[in-house]
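Have a look at it first, then read on.

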Amino acid sequence: MKQRFPLSYLLLPVLLLALLLPAGCGRDARIQTVRVGVALYQQEDTFISTVAQNLELLAREEELARTIKMNLTLADGRGSQSTQNDQVDRFLAQGCDIICVNIVDRTAAAVIIDKAQAADVPVIFFNREPVMEDLARWEHAYYVGSKAEQAGRLQGGIVKNAWQADAAALDQNGDGVLQYVMLEGEPGHQDALLRTEYSIQTLTQAGIPVEKLANDTANWQRGQASLRMSQWLEEFHGQIDVVFANNDDMALGAIDACLSAGMDTASLPFIVGVDATPPALAAVAEGTLKGTVQNDAAGQAEKILDLIGAFIDGTPVEDAVELEDGKYAWLPYTTVTADNLDAFL
Amino acid sequence: MKRKILLQLVVPLLSLCVLFLLLAFDPGQAHADEAPLEVSILHRESDSTLWSAARQGMEQAAADMGVELRFLAPSVSNQAEEQENLLSREVAGGTDAIVLVPSDQSLLAESVAAASTQTVVITMETEMADSGAAAFVGVDNAALGEALGQAVLNGVYVDGTVLLLNSVPGSNGISARLEAAAQVLEGAGRTVRIGSPSKALGLSEALPSILAADPPDAIIAFEADALELAAAAIQGMNPRPLLYGMGATDTIAAHLEQGIITAIAAQNEFAAGYLAVDAAVRAVRREAGQDTAPLAYTLVRKETMYHPDHQKLLFPVTR
């Protein structure tokens, strides 16, 4: 007689399946999480914090569009490259899929690129440009930013146009010479050097007689700029026609100093900055800041997200973002004055 | 027969061994254990620069505890509806905990209650334990309002007018501070006016006309954004009303130094952020110590702002 297969033999395998299946299903249903480490050179820098805020906003939109999670971990380097290097180490140890670096010391990118390459984690530098040789070390190292000399030219152009339209309005002492002071970013910083050089070159190439009364670094910071300007107001009382500031934070510091010295809006020197941060746009609206040059924070964040999207999809980055030399995603600057302010508010 | 008995014993025993091995070394469970805890931060304020010190405290806590933070700022400040949507979205996304700074506890009560059944909710600035929030990190709002009211009494004579800025309309910690200050002032014979944003005009647009129509003797702003706006609005006024408020941003510190702001109530924002993430992590891990005592605050004037203890409140992050 043929033996029937005992059903009891099937009980335990079925029991096994019943116990294990739900556990497996739960994990399979977790949404894919993309981890992005973002290392900032200094979070209190107004422009940098604007880029970071835009990154977070766009990341949330990207989550909805792709039905993924994108967890951004921000770290403030506080102006220290060694601190930033430790932060990058932490990102890689935590399993970040991509790292974005706003490098403190633009000559020190090689260390970060080598670590990223060893971990096979793409690295996107932004706003502070590493030296070209370092970026060339690895194919998956990129830069998103704007060309500093263009910012200088546009800033100089604001002053040039105002002087050519009505020199008397700017010329405090009426000697026909544009006397200026220059508030500079951190010493040796490429953007500071180029903005300084090209803003004045724009004036001299237009044949405007200029005289530098003073220049000094204020390290991109509003407070430091205010102190410098206060000293200059005492030293050059009534002689300063124009204040050039390599960024808006320092331009606003110069305004702070002038207002504290009892000046009203009409008696301020002609003050110009770079970045078009929200507080700077408010100052342009108030008339205390005569112009600025938009450093496209939202645009930079967008390009960074586009690159990240290409990495997620596994598609060539050149298809997602226009790159120069396969590395550089450039964004243009734009002049902002009272005439076109509405477009930026 | 013997073979049959052997099979009936061996097969079940072997199956039990396999089951044991799979449950003990489940690769899926191991992977899940490696993923860090995720804490979502839902602030009512769209401009994160206004709470940057608290955010840095949160980030420090996250670094210390190996936690991932997700910052979700609303597109418009103080909108309960948008906060509701973000709450639901984060719960659906499986976040381990939410730190919420609610714009309106009444409007968000249901959402917080529902979220609390699925994840840990910690609130800052406004207590929502009645809606199931696991812990609250913040000052005693009523006591703070009373302290600001008392501070103003010194500078405003009886029958003088004090403008209270209702910058976050709705039921929340800010309104609790306002109500407490109003009680102190009215009880001491001062006239209280409330300045609020309208649907058409935000506070920044409405404030100049409010001040021009009937200049007060003093103004109290109960949170950082309103205090910054008020300081900017009164800079050109002569005579300038006394200005008191809550908050400790760089801009507020600068206005305090210049004498535009008379006195502020300052708390350690960095510590508040740190403790909020700490409370969230403890709640998720079911550890003791989720409840925090009300955070301390101090009244700081221009004359005392460079006292070492006050410097820690005004400039919590050194560079």
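Let's start with helix 6 of chain B (residues 141-153): its 13 residues reach 19 Å from first C-alpha to last, close to the 18 Å expected at 1.5 Å a residue. That expected span is 1.5 Å times one less than the number of residues. Helices here are DSSP runs of H or I with at least four residues, strands are runs of E with at least two, and both are numbered from the N terminus.

A word on the source: this is a predicted model, where local features need pLDDT of at least 70 and side-chain atom pairs count only at pLDDT 80 or more, while totals for chains, interfaces and linings use all residues. Residues are numbered from 1 along each chain as its sequence is written, and chains are lettered from A in the order in which they are written.

Over in chain A, there's an open sheet of 4 strands in the order 7-6-8-9, with parallel pairing. Strands pair if DSSP finds at least two bridges between them. Strand 7 (210-217) and strand 9 (270-272) of chain A are the edges, each pairing on one side only. Strand 6 (residues 178-184) of chain A is joined to strand 7 of chain A by 7 bridges.

| Helix of chain A | Residues | Angle to strand 6 of chain A |
|---|---|---|
| Helix 8 | 190-205 | about 170° |
| Helix 9 | 222-235 | about 150° |

How values were computed:
Contact = placed C-beta atoms within 7 Å. Axes fitted to C-alpha atoms, helices over the stretch in contact; angles between N-to-C directions.
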